[in-house]
Amino acid sequence: MCAFQADSAPIPFVTCRLIAIIYTPSGGYALTTYCESECIERQSEQKPPNFIRLIRDVRQMKIIIRSKGNFTTWKMSLVGVVFAMLIISLPAFAELGGDEASVETDQVHMEGMRRIARASAYSVHEIQAPTGSVVREYVSPAGKVFAVAWEGPVLPDLQQVLGPYFDRLAQARNNRNGRGPLVIHEPGLVVHSGGHMRAFVGRAYLPDMLPAGVEVESIH
Amino acid sequence: MLTIVGCGGRTSSGRSNPNSNPIATSGANVQPIAVNSGPLGNYANGVFTPVTICVPGTSNCQTISGVLVDTGSYGLRLLSSAVSLSLPQQTTALGTPIAECAQFSDGVTWGPVKAADVKLASEQANSVPIQIIGDPKFSAVPSSCSSKATPMDTLQTLAANGILGVGPFRQDCGDQCALPMGAGNPGVYFQCPSSTCAQTQEPVTQQVQNPVWLFPQDNTGVIVELPAVGPAGAPSVNGSLVFGIDTQSNNALGSAKVFTLNSSGNFTTIYPASGGTSYPNSFIDSGSNGLFFGTATPTLPACSKATGFYCPSSTQNFSATQQGGNGTSNTVNFSVANAESLNSNNFAFDDLAGPNANTFDWGLPFFFGRNVFTAIESQPTSAGAGPFWAY
């Protein structure tokens, strides 16, 4: 099990590998890291870090966590970045309509955060790749990925993110007159893939699986 | 993160546009463009132009018509089926061919990077890296490309003979694609030693280039000049693509409002203009064939047949405010018609729109009746260096 660290504890200035971060709808956040082989979890009901940015540097990568107006730097090993990329490439993690149970299999150390997720209307798993692309996955209390959103200079692997729904994009492309953002508007599936070269933005959700009270516009 | 959408913003008149805008008709830097039905004969709101390419350093040239003018991308891409010239393949130092998986919001284009002299109006850029899309003699689309989005490698799927990307960046990727693999490189470029290809780093100067910044002069950006169209639309509309900003008497910024962009090539749109949501990922894009915005707007139903467009029962008027990074702000009025009720003999419309989440895409309707400047990154103008839009 991971050691739980209070929100007030100082952020360690050691090499850490980011495993995952969850933003909860109540305004808090939780994250899991490995710092020098020790698994650490932190959670807070405070305003979450605005974002995590990976600075591109071949030899030393850093995660900057902006919290309460202060900048704290977590050194991050290249191994850690690769590990973060591995997580994003795990098919079970990022599949629309998929089961969160697969996340459990792949990442047993996420147990603590999963509890937080189940206590709320939904949880948001946010992963930022070193390419600058961000994927957010919305997991319902029933443990299903009911929505995904993406943003960044390149498209994420949409086949992985959309899972069985990916093939619908080709059909939508063929049905569309001319060029522009791709839209699927069906009772069981909504997809918006927009933006432009070097700045993409999109989302997809399953209307039938939206937990009660979830505003569609909060998926971004 | 979460913002609340107000319910104001209607105006009594949608088309605020402007007095007739002056359109350059002659000059060494003036390339004719036209909004018409395109190579497939059914394209709504596509702005096309012919592009001349030559084998580098020779007079062995070819003009390809029906190339989409796109301020939302960077670089020239031509369908292999439209190119008859034999162009030199770009390779690594060891002679391995280079290819690209270029990304768009609605699909990807796959194919080799080749060099061509690019001629537009009387301007010429030499040995420009361009992309040849869907070359049957080249390696097939790798799965790491087709898993991003749908390949658009045929005339049927691309709906144009090519794409002329003249947006605000010099390259289609930039510094990021020059990084080592695994260190933030998104893997847009590929090495293809055999029939299989692997993602690779690509030096910035070797990447597919916006040809405009490589012109010896008139290389600061472009102006897209299209006349206004009426509520019924028009079968076709002629205009001009003017090269350079502040380099000739026909491309002065003058009193145009300048909106600077962020590093992603975006500015902010507030929609509705009054008390609306702020969309910082907004952009102006001649390659989008409508205004795409506002999924939060309950009053605009999606069409049942015209996939991706709005179908209100009657034309509705809206306004939104554009904001540059430099603080410049302007409120734009626009109309949204029922996409399934538009005159099917017409192909130019200023009121074609559709849903889009978390962004405001100011597509071709925005250009009618406005001369829209796109300044390229780091290129100097009287308003400072690009990137910016101005009108």
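Colleague: Let's start with a strand pairing: which residue of E7(B) does B:Leu79 stand opposite?

Modeller: B:Leu79 stands opposite B:Ile133 in E7(B). Before we go on: this is a predicted model, where local features need pLDDT of at least 70, side-chain atom pairs count only at pLDDT 80 or more, and totals for chains, interfaces and linings use all residues. Residues are numbered from 1 along each chain as its sequence is written, chains are lettered from A and ligands numbered from 1 in the order in which they are written, and side-chain values use heavy atoms, with hydrogens and water left out.

Colleague: What makes E4(B) and E7 of chain B a pair?

Modeller: Two strands pair if DSSP finds at least two bridges between them. E4(B) and E7(B), residues 123-133, have three bridges in the parallel sense, so they qualify under that cut-off. E4(B) also pairs with E8(B), residues 162-166, in the antiparallel sense over five bridges, and there B:Leu76 faces B:Leu164. As for the names, helices (H or I, at least four residues) and strands (E, at least two) are DSSP runs, numbered from the N terminus.

Colleague: Why is strand E4 of chain B said to be largely enclosed?

Modeller: Buried means under 20% relative accessible area, exposed over 50%, and partly exposed in between (1.4 Å probe, protein chains only). Six of the six residues of E4(B), residues 74-79, are buried, so the rest of the structure largely encloses this strand.

Colleague: And which residues touch the most other members of the largest nonpolar core?

Modeller: Those are B:Ile53, B:Phe293, B:Phe334 and B:Trp362, in a core of 72 residues. E7(B) gives the largest share of this core, five residues. The term stands for a set of buried Ala, Val, Leu, Ile, Met, Phe, Trp, Tyr and Cys residues joined through side-chain atoms within 4.5 Å. Another core, of 30 residues, lies apart from it, with A:Leu158 and B:Ala99 among its members.

Colleague: How do you know that A:Arg136 and A:Glu151 form a salt bridge?

Modeller: The rule wants a side-chain nitrogen of Lys or Arg within 4 Å of a carboxyl oxygen of Asp or Glu. Here the closest N and O atoms are 3.8 Å apart, so the pair passes the rule. A:Arg136 lies in E9(A) and A:Glu151 in E10(A), so the bridge ties together parts that are 15 residues apart in sequence. These two also belong to a salt-bridge network with A:Glu126.

Colleague: What makes B:Cys54 and B:Cys61 a disulfide?

Modeller: A disulfide is a pair of cysteine sulfur atoms within 2.5 Å. Their S to S distance is 2.1 Å, so the pair meets that limit. The torsion about the S-S bond is about 100°, so this disulfide is right-handed. B:Cys54 is buried at 0%, whereas B:Cys61 is partly exposed at 31%.
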